[in-house]
Amino acid sequence: MVWIAGLFLVAHGLIHLAIWLPKADPKAPFDAGHSLFAGNVRRATAALAVAAAVVLAAGGLGLIGGASWWQPATITGAALSTALLLLTFNKWWLIALGINAAIIVLSVQQDA
């Protein structure tokens with residue numbers, strides 16, 4: 001189960017790169033580089049996406065390897081991801097916000 005959870009965290013991180021790094025497809029239902037609050041935020045979203053991807057992947061690998069730092073890395077990665085989702089919020093991100101909430105809650109519960 002640890003392997004599945006760790007690989008899920010790595011995959012969740014990599015999805016950020018696939019969504020926020022490419023230019024928006026005109027046929028897509030939304031532009032991941034646009035914020036209702038701040039307009040064009042492509043550079044900021046790219047930086048946040050890379051940071052979230054790296055930290056989530058590190059957390060996943062740390063979990064698989066039994067490292068003591070996997071929890072703070074995972075929680076930090078999910079928080080970065082949540083900031084990214086809120087910056088570019090649209091209805092498509094509701095499921096991702098739920099995933100991040102679950103990641104944070106389950107990571108914190110591992111300490112208890």
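Modeller: Let us start with a term: a residue is called buried under 20% relative accessible area, exposed over 50% and partly exposed in between, using a 1.4 Å probe and protein chains only. Buried residues make up 35% of the 112 residues in the protein chain. Please keep in mind that this is a predicted model, where local features need pLDDT of at least 70 and side-chain atom pairs count only at pLDDT 80 or more, while totals for chains, interfaces and linings use all residues. Residues are numbered from 1 along each chain as its sequence is written, and side-chain values use heavy atoms, with hydrogens and water left out.

First, the setting. The protein chain has four helices and two strands, in the order α-β-β-α-α-α from the N terminus. Here helices (H or I, at least four residues) and strands (E, at least two) are DSSP runs, numbered from the N terminus.

Now to the rings. A pair of aromatic rings is described by the distance of the centres and the angle of the planes. Rings of Phe, Tyr and Trp (its six-membered ring) pair if their centres lie within 6.5 Å; planes under 30 degrees apart count as stacked, over 60 as edge-to-face and the rest as tilted. By this rule there are three aromatic pairs. One of them joins tryptophan 20 and tryptophan 93, with 5.1 Å from centre to centre and 40 degrees between the planes, a tilted pair. This pair links distant parts of the chain: tryptophan 20 belongs to helix H1 (residues 2–20), and tryptophan 93 lies in the loop between helix H3 (70–87) and helix H4 (94–109), 73 residues apart. Tryptophan 20 is buried, at 2% relative accessible area, and tryptophan 93 also counts as buried, at 6%.

Tryptophan 93 has another partner, phenylalanine 30: their ring centres are 4.8 Å apart and their planes stand at 75 degrees, so this pair is edge-to-face. Again distant parts of the chain are linked, with phenylalanine 30 in the loop between H1 and strand E1 (34–35), 63 residues from tryptophan 93. Phenylalanine 30 is partly exposed, with a relative accessible area of 23%. Taken together, ring pairs link Trp20, Phe30, Trp92 and Trp93 into a cluster.

Finally, step back to the whole chain. Contact means heavy atoms within 4.5 Å, and among contacts with a separation of 6 or more, residues 24 or more positions apart account for 66%. The C-alpha trace spans about 40 × 20 × 20 Å along its principal axes.
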